[in-house]
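Work through it contact by contact.

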Amino acid sequence: MQEYETTELARIKQKQHKKCEKLKERLMKYSPMVTFMLENLRKEGVEFRKEHFICMECDESRCGGFSPDGFVALCQNRFISKKHMEDTMSHELIHAYDHSKYNVDWNNVYHVACTEVRAASLSGDCSWLMELRRGHFKFTKQHQACVKRRAILSLKSNPEFADVAEKAVGVVFESCFNDTKPFDEIY
């Protein structure tokens, strides 16, 4: 019985990996948001190709991640839809953009807070549908509340920033929320 479970688990992981690989290539070609971010990264001298997006298994705390070494982790076992993966890729590409454009110091809580605010705001992470799925719904300032909450959650996932996450997001929020580059405005 245990051998069957191990084989079945391996089959599921392989299927998730294959689906992630196929979908990332499709999004890199056809997603307006992902292609826009890839083009703006090229303008900054950064070339992201399919091998820079690594499909992998992750724990429940994340759906993706950006490495300053120029890679994006895509958590193949965490995506609930194509749109969710697209938003995650966009979120991580905003970090990549900020890293190249603004020279983010990943050890500086204010720098990280700023890029988290921007990524939550610009990526689709705080779309009405995603917020509804999370059980958060307001008629006024929903987007701003979501951006603050998501940026704080992200900072708190780093033990070095956990105690100062709320303060750091509060300090940078207005200026970073209003910085919509490379977009003209929040879509």
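Predicted model: local features only at pLDDT ≥ 70, side-chain atom pairs only at ≥ 80, totals over all residues.

The crossing is right-handed. On the H4 side, the contact uses Val109, Val112, Ala113, Glu116, Val117, Ala120 and Ser121. H6 answers with His143, Val147, Arg150, Ala151, Ser154 and Leu155. By class, the residues of this contact are eight nonpolar, three polar and two charged.

H4 also packs against H3, residues 82–102. Here the axes come within 9 Å and cross at roughly 140°. H3 brings His91, Ile94, His95, Tyr97, Asp98 and Tyr102. H4 brings Thr115, Glu116, Arg118, Ala119, Ala120 and Leu122. This contact has six nonpolar, three polar and three charged residues. Glu116 and Ala120 of H4 meet H3, and Glu116 and Ala120 also meet H6.

H6 has a further partner in H7, residues 165–178. The axes of H6 and H7 come within 10 Å and cross at roughly 135°. That makes H6 oblique to H7. H6 passes H7 in a right-handed crossing. From H6, the contact takes His143, Gln144, Val147, Lys148, Ala151, Ile152, Leu155 and Lys156. From H7 come Ala165, Glu166, Ala168, Val169, Phe173 and Phe177. The residues divide into nine nonpolar, two polar and three charged. In H6, His143, Val147, Ala151 and Leu155 belong to this contact, and these four residues also meet H4.

Now turn to the largest pocket. It holds about 1,000 Å³ of space. Its lining counts 38 residues. Nearest the centre of the pocket lie Ser61, Arg62, Gly64, Glu92 and Ser154. Ser154 belongs to H6 and takes part in the contact with H4.

Which helix gives the most to the lining of the largest pocket? H3 does, with six residues. Strands S2 (64–67) and S3 (71–75) each supply at least two residues, as do H3, H4, H5 (128–134) and H6. By class, the lining has 15 nonpolar, 13 polar and 10 charged residues.

Note on methods:
Residues numbered from 1 in each chain as written. Heavy atoms only, no water. Left-handed = near helix turned anticlockwise from the far one by under 90°. Contact = heavy atoms within 4.5 Å. Nonpolar A, V, L, I, M, F, W, Y, C, P; charged D, E, K, R; others polar. 1 Å grid on protein atoms, 1.4 Å probe; cavity = no way out; pocket = protein on both sides within 12 Å on 5 of 7 lines; lining within 4 Å. Points joined across faces, edges and corners; volume = space filled by probe spheres on them. Axes fitted to C-alpha atoms, helices over the stretch in contact; angles between N-to-C directions. Parallel < 35°, antiparallel > 145°, perpendicular 65-115°, else oblique.
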